[in-house]
Amino acid sequence: MKYFILIVLVAFTCSSCSQVRKTDLAILDLKGNVSSINELHYKFVYDGKVISKEKKYDWGVNEIQKLSYQANFNKSGFYNLLINHYDSIRIDTVIYKYNDKGFLEYLFSYDTTQIKCNKYGNVEETILKDGSVSISKYNSEGNLTNSKFVFDGKVQSERRRKYKKGLLIEDCYYGAAGAMVSMEKLEHNVSKHKLTTTYYSSAKEVISIGLAENDTINNPVLVVYKDNSNNEYARETFKYEYDEHGNWIIRMSFVNGKAALLTERVIEYYE
């Protein structure tokens, strides 16, 4: 069974001695004063146009899930409410509360009993109902640099991230024994709208490479996957439709020329 873990980053950027908080809309790359978004995923059949679609998707783990995502935002661009529907039974709802300065001070979800935030609203500690604890650290720009999952006083897993000029360049996962489980290294070519992601095994050997080409607003239009011998084994392309604010509302992905995933978004805005 595959679960989807939502990591909510309430980020900031530094300017002189002050920090400017980055909104959730900015993190999600949503333009305009968005009030809500509803996102649905479908299997679909395509022949120059969408012939049919089915509201479920197999993520490759032999489990068909009816997936949807819904979020409401306040007028400052931060989450008020977040709902993930995994199927008709599994629903995760997250409710956010802010102080009078607009910084996050509390959130509630089905498995969270308590959170601790720093003065800027970054979640530094999350205590779950089973007694496990998630501990997070951030850099001066508010980007997540380290997160640990602790149970019964022992570190069960850890994630370490590195950045350069605000862009993620390395993402490493470690197991309970402290040994690296996997690693990703990212190379950004901002001027040419390209991103290269290299995936490594626990032995720090290259497993595969993803070569992405993005459009001018940073949405991927082509991703080519190669193995450790530089042989191409998959090619994914994307088609988009946009609303008047420049946010995509339909995205179709095709793997090796075959229709793979259709995502539709209903986005509403404050007047």
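**Salt bridges and burial in a predicted model**

Modeller: The accessible surface of the chain comes to about 15,900 Å² (Shrake-Rupley method, 1.4 Å probe; for residues, only the protein chains shown count as cover), and 50% of it belongs to carbon and sulfur atoms. This is a predicted model, in which local features need pLDDT of at least 70, side-chain atom pairs count only at pLDDT 80 or more, and totals for chains, interfaces and linings use all residues. Residues are numbered from 1 along each chain as its sequence is written, and side-chain values use heavy atoms, with hydrogens and water left out.

Colleague: What makes Glu264 and Lys53 a salt bridge?

Modeller: A salt bridge requires a side-chain nitrogen of Lys or Arg within 4 Å of a carboxyl oxygen of Asp or Glu. The closest N and O atoms of Glu264 and Lys53 are 2.6 Å apart, so the pair qualifies.

Colleague: Why is Glu264 called partly exposed?

Modeller: Buried means under 20% relative accessible area, exposed over 50%, and partly exposed in between (1.4 Å probe, protein chains only). Glu264 has 21%, and therefore counts as partly exposed. Lys53, at 42%, is partly exposed because its value also lies between those limits.

Colleague: How do you know that Glu170 is buried?

Modeller: Its relative accessible area is 16%, which is under 20%, so Glu170 is buried.

Colleague: What makes Lys162 and Glu170 a salt bridge?

Modeller: Their closest N and O atoms are 3.7 Å apart, therefore within 4 Å.
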